[in-house]
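Morning, everyone. Please have a look at the screen.

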Amino acid sequence: MGELRSDYEYAISGITIHVSSGGRSRSGLAPGEYMELINETCKSWRDRGIAWLRNRFGNAYVGHLGVLGTAIMACYARQRCYDFILEPSITTMPSTHIPLTSINPDIALIIKNELLILEIKLHHKVIASLTSQIDEFIAEFRGELRRLKIHMGVLHMLMTRAAQAREERRSKPRWLAELILASKRQQDIYDEIDSIIKDLMH
């Protein structure tokens, strides 16, 4: 089973990459609460995960659905035996020109001694476009990061059946992925994430 880690470090081409959790939580959840949410989500994202958010945030829970998406990814990592770091901060020694401290990803997965850094978006209704805060960063530095065994992506999880416009899907960048959650078993979601990760890392 994959485990939650507080940090991870490796060296490549004379550069040491350090990934750690810590600092100010962006989710609004204490570490213990985040683990409670993950544990409930692993049982059922639709029933137990959403119920946990409702109990924690009341009617404002919709504004915190992003952490449910991250919890789904953490459950996937557990089952696939990938260690993971929540709300990771990434630094290098010596420092490089890549401003890694300027981004705020949601989760890092450690897969065969390589890193997959993800921003997770969970949408409860149809949206006009699939965008994120780190699209420009990935577009600029994706090639250089891959040489450091750092892969980055943005995963948009959709709770509705309605898909985005075909034209937009055809023109989406390689680091963007979408996953429709509606009416799918938890295991089916994990199987789809397998394919998404393969595409993001190759």
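Which residues point one way from S7, and which point the other way? Keep in mind that this is a predicted model. Ile-150, Met-152, Val-154, His-156 and Leu-158 point one way. His-151, Gly-153, Leu-155 and Met-157 point the other way. Buried or exposed? All of them are buried. In numbers, 9 of the 9 residues of S7 are buried. Here, buried means under 20% relative accessible area.

Now the neighbours of S7. S6 pairs with S7 in the parallel sense, over 9 bridges. Look for Leu-155, whose bridge partner in S8 is Ala-177.

Let's step back to the whole sheet. It is open and has 5 strands, in the order S3-S5-S6-S7-S8. The pairing is mixed. Strand S3, residues 83–86, and strand S8, residues 176–180, stand at the edges. Each has a single partner strand, so one side of each is left without a neighbour in the sheet. From one strand to the next, the twist averages 25 degrees.

Asp-83, for example, has Ile-110 in S5 as its bridge partner.

Last, the helix. H3, residues 65–79, lies across S3, S5, S6 and S7. Helix H3 runs at about 140 degrees to S6. Thanks, everyone.

Notes
Residues are numbered from 1 along each chain as its sequence is written. This is a predicted model: local features need pLDDT of at least 70, side-chain atom pairs count only at pLDDT 80 or more; totals for chains, interfaces and linings use all residues. Side-chain values use heavy atoms; hydrogens and water are left out. Two strands pair if DSSP finds at least two bridges between them. Helices (H or I, at least four residues) and strands (E, at least two) are DSSP runs, numbered from the N terminus. Axes are lines fitted to C-alpha atoms, for helices over the stretch in contact, and angles run from 0 to 180 degrees between N-to-C directions. Contact means heavy atoms within 4.5 Å. Buried means under 20% relative accessible area, exposed over 50%, partly exposed in between (1.4 Å probe, protein chains only).
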